[in-house]
Amino acid sequence: MGVIINKKDDDNELSRRITADLRAKAMETVDVDGGEDVDLAEDAEYLRDLKKTGRFSWVWIVLIVLAILSLISIVFL
């Protein structure tokens, strides 16, 4: 869902609410004493159910490389 706001509509209720919501969310995530950079990428909807890479992810990389080498050897040999 998207919202299109024209330049002449800067002072309308919708843009004020959007700005207030974004400001409130940024203030919730910022450490008041630390002054860290705000990174809202971790709060994105599509990242909620993802897990960090496991310790055996190197096995998948090796398998993919071996599959590519197998395909190359079949095609050219």
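A residue counts as buried when its relative accessible area is under 20%, as exposed when it is over 50%, and as partly exposed in between.

**Figure 1. Overview of the predicted chain.** This is a predicted model. Two helices and zero strands make up its secondary structure elements. Helix α1 covers residues 13-29. Helix α2 covers residues 57-76. Of the 77 residues in the chain, 3% are buried. The chain exposes about 7800 Å². Carbon and sulfur atoms supply 60% of that area.

**Figure 2. Close-up of the salt bridge between R16 and E13.** The structure holds one salt bridge. Its partners are R16 and E13. Their closest N and O atoms are 3.6 Å apart, and the pair qualifies because the cut-off is 4 Å. Both residues lie in helix α1. They sit three residues apart, about one turn of the helix.

**Figure 3. Exposure of the R16 and E13 pair.** R16 has 49% relative accessibility, so R16 counts as partly exposed. E13 has 46% relative accessibility, so E13 is also partly exposed.

Figure 4. S73 belongs to helix α2, residues 57-76. The S73 side chain reaches the backbone oxygen of S70. The distance is 2.8 Å, and a polar contact requires N or O atoms within 3.5 Å. S73 has a relative accessible area of 32%, so S73 is partly exposed.

Technical notes:
Residues numbered from 1 in each chain as written. Predicted model: local features only at pLDDT ≥ 70, side-chain atom pairs only at ≥ 80, totals over all residues. Heavy atoms only, no water. Helix = DSSP H or I, 4+ residues; strand = E, 2+ residues; numbered from the N terminus. Buried < 20%, exposed > 50% of the residue type's maximum accessible area, 1.4 Å probe, protein only. Areas by Shrake-Rupley, 256 points an atom, 1.4 Å probe, with all protein chains shown as cover. Salt bridge = Lys/Arg side-chain N within 4 Å of Asp/Glu carboxyl O. Polar contact = N/O pair within 3.5 Å; in protein donor to acceptor, adjacent residues only side chain to side chain.
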